[in-house]
Amino acid sequence: MSLPSVISSHVDPGAVTKVTRLLNNSLGDVLSELLQNARRAGAKIVDLELQIDGSDMWLSVTDDGAGIADPSVLLALGRSGWDDSVALREDPAGMGLFSLAGRDVAMRSSCRETGEAWEVDINSQAWEAGTPATITPAPFACGTQLRFRLDERWREDIDQAAHYAALYCPLSVRLNGTPLPRRDWLDGAEAIFEEDGVRIGLFYDYRATRMSPCMNFHGVIVTSSMPVVAEKDRNWWARIDIVDAPQLHLVPPARKELVENAALEALRVAVRRAIYRHIRTLGCHRLPFERWSEARDLGITLPEADRVLMSWTPQRADWNSLSSARSPVRVDDHLLLGSFGPALEQCAALAMKKVGAFQGRLACPDKDMEGYSWYDGLRCISSLHFTIEREGETFRIDGSQSSELDSGPVDRLSLVLTISGVVEEKVALPAPVVIDYDDVQCCSLDDARILLASGDPMTPAQLVDLLEGACFSSSGDRDAESWDSQHDRFLLDARGMATRLLLGDDAA
């Protein structure tokens with residue numbers, strides 16, 4: 001066999017005989033497709049009627065549109081038959097009647113332009129057999145009517161499918177004479193922007209992900225990756241309502257997602273711009289610096305983010321334990337204090353509280369805010385460590401090295417903070433206690449070495465509270481005791497340890 005000199009694209013006639021395997025639509029998909037065709041034909045009302053014929057149930061779909069002038073387009077896969085204005089505006093896929101492939105279908109139509117009316121019956125077997133369907137003249141008012149047999153599954157789905165197909169459709173739809181409810185796809189939006197043939201509705205809750213159903217294509221709800229802009233206290237996302245956007249196309253044959261093209265990418269940019277425009281009207285925001293810069297690059301000038309960070313509280317060894325919740329705080333002369341581990345942080349917090357140092361002035365670092373002038377101007381506690389004096393020797397505990405001292409009193413105990421800024425500053429505070437570990441990642445009570453400042457009174461109850469925050473961590477093992485049981489056992493052991501250290505063995 002000789003090779004061909006040229007090749008060209010074409011659709012094999014055999015594709016039509018395989019159409020029942022190309023399309024696997026639900027009843028909702030079929031109704032949506034039929035409503036789209038009615039809308040394109042200029043219909044105002046579509047009537048859905050259930051009809052009983054012996055043991056069979058049929059669904060009749062009747063619209064008051066312009067009708068179909070050329071019935072040959074019905075079985076022409078990929079050929080829509082719409083005029084140029086519709087073809088350019090919506091890029092119809094030419095699937096039409098093929099959404100019902102493999103089913104018994106009867107159809108009637110009267111063309112408003114020509115005045116001709118006709119009907120055709122298509123047997124369920126004819127789809128794959130390719131048997132010609134005969135067109136016959138038939139009296140019918142202007143519009144199109146299509147009837148198809150419902151199997152048992154579609155009978156059960158009809159009510160729900162009809163309601164969903166009609167809910168966001170721009171047509172009035174009636175089921176057995178009763179109008180079906182309609183809703184604006186952008187209902188509940190905080191703001192709506194209209195541009196380039198679309199309506200952009202903005203929402204600020206946390207229900208959406210990047211791939212949530214977000215676009216109403218004339219009643220067909222589709223998924224497309226749209227921008228989500230997160231502030232610290234709000235999560236902005238958008239729904240899109242298509243009005244007249246010729247460059248946005250659905251992917252055939254399923255038509256459940258949009259074609260990735262320049263128009264879709266431009267829409268995503270428009271969504272981001274709309275979000276930033278709306279944020280500007282609110283007067284204040286808590287956008288990360290990266291998002292603030294993006295708004296500027298899109299031509300939206302915003303003020304810097306509010307001077308709000310999370311208040312600092314010491315880390316606890318057990319994330320499930322109840323603790324003082326970190327809350328938003330407006331910063332002024334606050335110091336940033338990062339993470340140094342539960343043991344060091346709990347002991348440092350106790351030392352600072354005891355002397356009243358930095359109370360209400362500590363905030364958590366936030367990399368999202370880096371770049372804002374107010375944030376970059378804040379000073380921070382860049383390091384902290386404890387120094388211990390015992391029997392003329394000095395030791396250091398900083399989370400990276402251990403003192404290797406036994407539990408008990410020491411001659412002197414200090415918390416040393418390094419505060420960075422324009423000028424670095426060191427602050428030393430007397431500390432009542434520090435918890436030391438050989439392994440800095442450890443937080444168990446058994447491995448803790450507790451060093452107490454001589455002459456600094458501490459009650460067993462105070463030490464138990466400190467140990468709970470610094471050392472208690474429940475096991476996530478399914479075979480372990482419950483959190484409450486583990487917690488009760490820890491407190492019992494901690495009371496014994498604290499009493500022994502502070503009051504002696506007899507008291508313990």
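Author: Gladly; let's begin with a hairpin. Strand 11 (residues 213-217) and strand 12 (residues 220-223) run antiparallel and are joined by 4 bridges. Strands here are DSSP runs of E with at least two residues, and helices are runs of H or I with at least four, numbered from the N terminus. This is a predicted model, in which local features need pLDDT of at least 70 and side-chain atom pairs count only at pLDDT 80 or more, while totals for chains, interfaces and linings use all residues. Residues are numbered from 1 along each chain as its sequence is written, and side-chain values use heavy atoms, with hydrogens and water left out.

Reader: What makes strand 11 and strand 12 a pair?

Author: Two strands pair if DSSP finds at least two bridges between them, and strand 11 and strand 12 have 4, so by that definition they pair. N216, for instance, has I221 in strand 12 as its bridge partner. The hairpin has 2 residues between the strands, and H218 takes a positive phi near 60°.

Reader: What makes strand 5 and strand 8 edge strands?

Author: They belong to an open sheet of 8 strands with mixed pairing and the order 5-4-3-6-2-1-7-8. Strand 5 (136-137) and strand 8 (178-179) each have a single partner strand, so one side of each is left without a neighbour in the sheet. Elsewhere, strand 1 (residues 45-53) pairs with strand 7 (residues 172-175) in the parallel sense over 4 bridges, with L48 opposite L175.

Reader: Why is T144 called buried?

Author: Buried means under 20% relative accessible area, exposed over 50%, and partly exposed in between, using a 1.4 Å probe and protein chains only. T144 has 10% relative accessibility, so it counts as buried. T144 lies in strand 6 (residues 143-149), and its contacts (heavy atoms within 4.5 Å) beyond four places in sequence include V61, I68 and M107.

Reader: How do you know that helix 3 is oblique to helix 6?

Author: Helix 3 (residues 27-40) and helix 6 (residues 152-167) pack at about 45°, with their axes 8 Å apart. Angles under 35 degrees count as roughly parallel, over 145 as roughly antiparallel, 65 to 115 as roughly perpendicular and the rest as oblique, which makes helix 3 oblique to helix 6. Among the residues making the contact are L31 and L35 of helix 3 and W154 and I158 of helix 6.

Conventions:
Axes fitted to C-alpha atoms, helices over the stretch in contact; angles between N-to-C directions.
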